[in-house]
Amino acid sequence: MGDENGLPGSTSGRPRRPAGGRRLPLRTVLIIVVFVPSITFAPLLASGMYQLFTQWQSEKAQMDLATTTVGRPAANLFFTLDQERRLTAEAQADPRNASRDKLAKQRAVTDKAVSVFRPLAALDAPNGQDGLTEAVTRTVRGLGLLDQQRRAVDGASSSPQKAFDYYSGVIESDLSVLTALSHTEHGEVGTKAQTLVDLFWVIDMLGREDAILARGWDTGHLTKDEWDLVADAIGTKEHLLRSRVAPSLLPNESQYGTLTASKAWQALTALEERLVTSGTGGESGQVSLREVSGPWRSSMDTISPQLLQVLSLRLDNVSTIGYAHARTLFVVFMSVSSVGLLALILVVVTSWRLTAILRRRIRHLREEAQELQERLPDVVARLGRGEDVDVDAEVHMVEPTPDELGELGQALNLASRSAVLTAVRQAEQHRGFQRMLQRIARRTQILIGLQLKKLDELERKHEDPEVLEGLFDLDHLTARLRRYEENLVILGGGQPQRRWRKPVRLLDVLRAAQGEVQDYRRILIEVEGEPWIAERAVGPLVHVLAELMENATAFSKPPTPVEVRAASVSRGIAVEIEDRGLGMEPEQYVAANALMQSPPQLDVMTHADDVRLGLYVVARLAASLGLQVTLRTSAFGGTRVIVLLPKSLVVDRPRAVPKPAAVPEEVPTDPQPHPQESAPPQDETQLPTRSRGRAMAHVTAPAAGSPDQGDAPPSSDLGPLPQRVRQANLVTELRAPADRDEQADQESWAVRDQPSRSSATIGAFQRQSRRSRTGDDALQPRQDGTAEPGSPRTEDRG
């Protein structure tokens, strides 16, 4: 049965990927659209936030260093060293002076300031001002010689000028620390802090004047060098006050004006002018201090607190400006960070929202397309069942929108309507073609019936065996042609019209199917028991078995036999048809069995080139009857088909079945007896054959002990020539009623159709005809050992 499944090679139904490069999924594209702007905007925002935070952190750290961490210890050290410098000069000028006690107390205060300042050398200030670390290190290094300098002063081993230079050098180092602290990243704070440093230098110049003048209070005069130092200090002080301090005063620093307008400041300024004037006019190398010594100390003691107040006010102003700017930076940082993060979140959320809306709309269009994909086969199936389909009701229109997706939805609407409308039109064309095919097949069946009628007339007129053999061959071909026409009716959606009103034996059904096969002589039939088939299943079952038998003979090599076995099983009756062909591949068996399980709605036009439409017909008829047809491999290498008839199609033997007339029989040479072939058509318990007024069963020699014949002994007399049953092969429309067999000129349409004679009947007819004319010699074996064509060995097994 090699390729008898008739199924075309299955190919994958998946759509091909379009030519070209790999395309990204829509979800990936939309995610890229969302995250690329966000990823681009996020680094810019992070960079701006980092710069603002770094600047705020740096300015705040610098302000902390200038006001508290370094600035306060440096200022305290400055004031203590300035006082110690003056008291040291007074002690060196008059060792017996009471200033020794004041110097000792001041040294203790200075030691406390030094102990606070020394740890600043190990301070880690990554955000500190440039040069601050070097200035602190240099100052701490100078303070390391403070104890040595004090011992030298106490031991009178250090001159006043040397002590003055040491203290002035350390104070300058400390002022370099204050100068470094004024160099902040904020320009305004740096400018205001520089004025503060200038005020420190003014105080230092006054301290230098006071320390140098302290040397000459007891002697009443200064040397030329000492006067030069005092004059330089006075000039530097006046320059700083006029050029740098006074122009940069703030409106709230009015105490500076109060200070410069006070009597003490005026008196101090007058004393300084007198000192400068007296020094320029003298030729003795000494400058007299007699007119200066009295009011100098009282003026210095008066203006020093006022000058410190101006300094403290400037320090407060610088701190206020610096911290205010740092707070502004922090506020800007927080604002930019908040706004930037909100903007970033807004961009992400908005983009994601828009992307979600876009995806939802696209998903809606995809669902509409998928729904069309699912709805269209249902519409086609309904059309195949003959239902009417309303195109407008089946097409779900997508709401159009004024954008590109709306145009896509409109195109989908047009495509949906066009697809459904095309399916409806194709279904109408298909139904029209099926109706036309059925009409043509029915008309052809009428012609076939006329042909069978004509053959029946010729068979009754002629007695020549050769002519009869030719007529019987034509009769056999016409019966096959009728089955082919029924195939067209079935494929066109119709049902065969051959019907029976009473049950029929399974053996007669099998032989009727055998008689419709071209190479029927190769088919061997074996039936276990005597099962009967319900009348409604006889015609379709004959058709199914004939198709399977012919398929088995067509795809197996002659003269290998095709074995047909039938037996009752627990679920009904199993009919096995086994050939010895090449068989099929495993996947072909799977496809064929799947076809039998669920036969498709076959479009005949699409399978016009398929010469193996028999399995489609078998699947259709099996589905209508509830038969279970299974194909599997055979032990002989061919194919074994199992047809399982359900119990609903199996009936009990009718109560009264007339026995056929006894005919002379011959003992067959086969070891297995053949059951009786047919029964009289009057009670329709068996498949009808053609005869003039009586059944043809007598032409077949039944075996002894046949269940139909009983145990009657065989007769040795020659039986009569076989008689034909009129109109046995006519279609329903051409068959006349049974009671009008002799009135051939006045035919009417019959109710049912009957199959042609089986191969055994044909063989028996030919065998009895020869025996009546030639005697028993015609059945003797030939010289080569083979039997004549009409012998049981060649005919009865057919």
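Two strands pair if DSSP finds at least two bridges between them. Helices (H or I, at least four residues) and strands (E, at least two) are DSSP runs, numbered from the N terminus. This is a predicted model, where local features need pLDDT of at least 70, side-chain atom pairs count only at pLDDT 80 or more, and totals for chains, interfaces and linings use all residues. Residues are numbered from 1 along each chain as its sequence is written, and side-chain values use heavy atoms, with hydrogens and water left out.

**View 1. Strand β9 and its partner β7.** Strand β7 (residues 572–578) pairs with β9 in the antiparallel sense, over 7 bridges. E576 has I642 in β9 as its bridge partner.

**View 2. The β8–β9 hairpin.** Strand β8 (residues 628–633) also pairs with β9, in the antiparallel sense, over 6 bridges. Q628 has L644 in β9 as its bridge partner. The two strands β8 and β9 form a hairpin with 5 residues between them. In the turn, G637 has a positive phi of about 100°.

**View 3. Helix α4.** Buried residues in α4 are L132, A135, V136, T139, V140, G142 and L143. They cover an arc of only 160° around the axis (taken from the directions from the helix axis to the C-beta atoms), so they lie on the same side of α4.

**View 4. The whole chain.** The chain holds 20 helices and 10 strands. Buried residues make up 47% of its 798 residues.

Note on methods
Buried means under 20% relative accessible area, exposed over 50%, partly exposed in between (1.4 Å probe, protein chains only).
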